[in-house]
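Q: Can you walk me through this one? I have the sequence and the model open.

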There are 2 protein chains.
Amino acid sequence: MSSLRFYYDLMSQPSRALFIIFRLSGMQYEDCVVQLRNGEHLTDEFKHNINRFQRVPCINDNGYKLAESVAILRYLSAKGKIPEHLYPKYFVDQGRVDEFLEWQHNTIRVTCALYFRTIWLDPLLTGRTPTEAKIETLRIHMERNLDIIEEVWLAKSEFLTGSSLTVADIFAACEIEQTRMADYDVRIKYPKIRAWLKRVRQSCNPHYDTAHHFVYKISGTGPQAKL
Amino acid sequence: MSSLRFYYDLMSQPSRALFIIFRLSGMQYEDCVVQLRNGEHLTDEFKHNINRFQRVPCINDNGYKLAESVAILRYLSAKGKIPEHLYPKYFVDQGRVDEFLEWQHNTIRVTCALYFRTIWLDPLLTGRTPTEAKIETLRIHMERNLDIIEEVWLAKSEFLTGSSLTVADIFAACEIEQTRMADYDVRIKYPKIRAWLKRVRQSCNPHYDTAHHFVYKISGTGPQAKL
């Protein structure tokens, strides 16, 4: 059994990103699935022994507990667990990937997640459906950032930060795929994102499809359906 | 003249954080003030030559353009420009600081900024004032995260990630100070945050007060007033 424990739920976007990265890296770890829908992260035991912020993903590396997906990625990269082509070691190239990893938090992450939550998750949990005006506002906010992915990040390259896949692409794809469940098809309006998502999936499979099994199932769209 | 150009506006929280960090580090750089209120970041010239995302802070290091405050910090640390006590080089200690830097984006950064914007900035720009109910909702969201700073991050230590000041404290303090301008006094409800802010200011002065000159002036509260 590995001394690295990985706590995650494939319903969580950054959990999926780390899952794909760990699998692509051939890393040894102990699978610790946390069922968010059963509130397994909300117990006192989870708070005290696993993650004081009561979220996933998080790790316990031989007693060293760490939360936050990007921090986890960097820590494991420094330990030599992530191949250099996925997360560069040379600081100039790493800066380009870091720029995306920091940019995404308050742009696509927050707006795609809010769109998904308001349209899919909240109605399920509370029975309240959002108004058309609310959906429209959330869509506009999300598309402002999808526009930047299409027009700026993918302006000149096949992948977000250059000519090959890095962790930046994996984090971004997992956020964008989440909106499928809220019946949003990013591929209609964004041809570059459509082609890029296809490349990301191909570069990451079979792990990409494994990670997105629930997303495909819930959205009723197969992996191939709209690619 | 240094080959490192630093583009910033002290009205922007992460600009202030980098300004303080650069000054504390004794780094040589060329001051490039961008007047956000005059829309200087919105020109085509800025987009094409300075930052394609049209935001501050950003740098140009001898032709290498980089945006996103945390990515900039990490790049300059790798170049040996940031002292190790502010941003640890040992990956285990660095992980603790990274955990905070990643955590803050969608917690205190987004909620403090939204509180400030809705209550102070938007009325100034649009003439529309938010309803009491709206203010209350924003305050609750913000305080959920301030609670975590008070009860989790500051539970056992004098600073956010241990017994001494790091960049984590500087980023956090700059976000929290911003809410003064919206007439929010974090010190009333949060005694640990109050004492910690005092320690951060003392550890960073005179640069902390220089960076917060406009914040003090606009909020009508001197640096000492509520500490």
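A: Start with a salt bridge (a Lys or Arg side-chain nitrogen within 4 Å of an Asp or Glu carboxyl oxygen): A:Arg74 pairs with A:Asp98, their closest N and O atoms 3.2 Å apart. This is a predicted model, where local features need pLDDT of at least 70, side-chain atom pairs count only at pLDDT 80 or more, and totals for chains, interfaces and linings use all residues. Residues are numbered from 1 along each chain as its sequence is written, chains are lettered from A and ligands numbered from 1 in the order written, and side-chain values use heavy atoms, without hydrogens and water.

Q: How is chain A divided into domains?

A: Domain 1 covers 4-78 and domain 2 covers 91-219; the bounds come from an automatic or database assignment.

Q: How many salt bridges cross the interface of domain 1 and domain 2 of chain A?

A: Two.

Q: And how much area is buried between those domains of chain A?

A: About 1,900 Å², with 71% from carbon and sulfur atoms. That is accessible area (1.4 Å probe) lost when the two parts are put together, summed over both. A:Met11, A:Gln13 and A:Arg16 supply 32% of what domain 1 of chain A buries against domain 2, more than any other three residues.

Q: What does B:Gln94 touch, leaving aside neighbours within four places in sequence?

A: B:Arg74, B:Tyr87, B:Pro88 and B:Lys89, where contact means heavy atoms within 4.5 Å.
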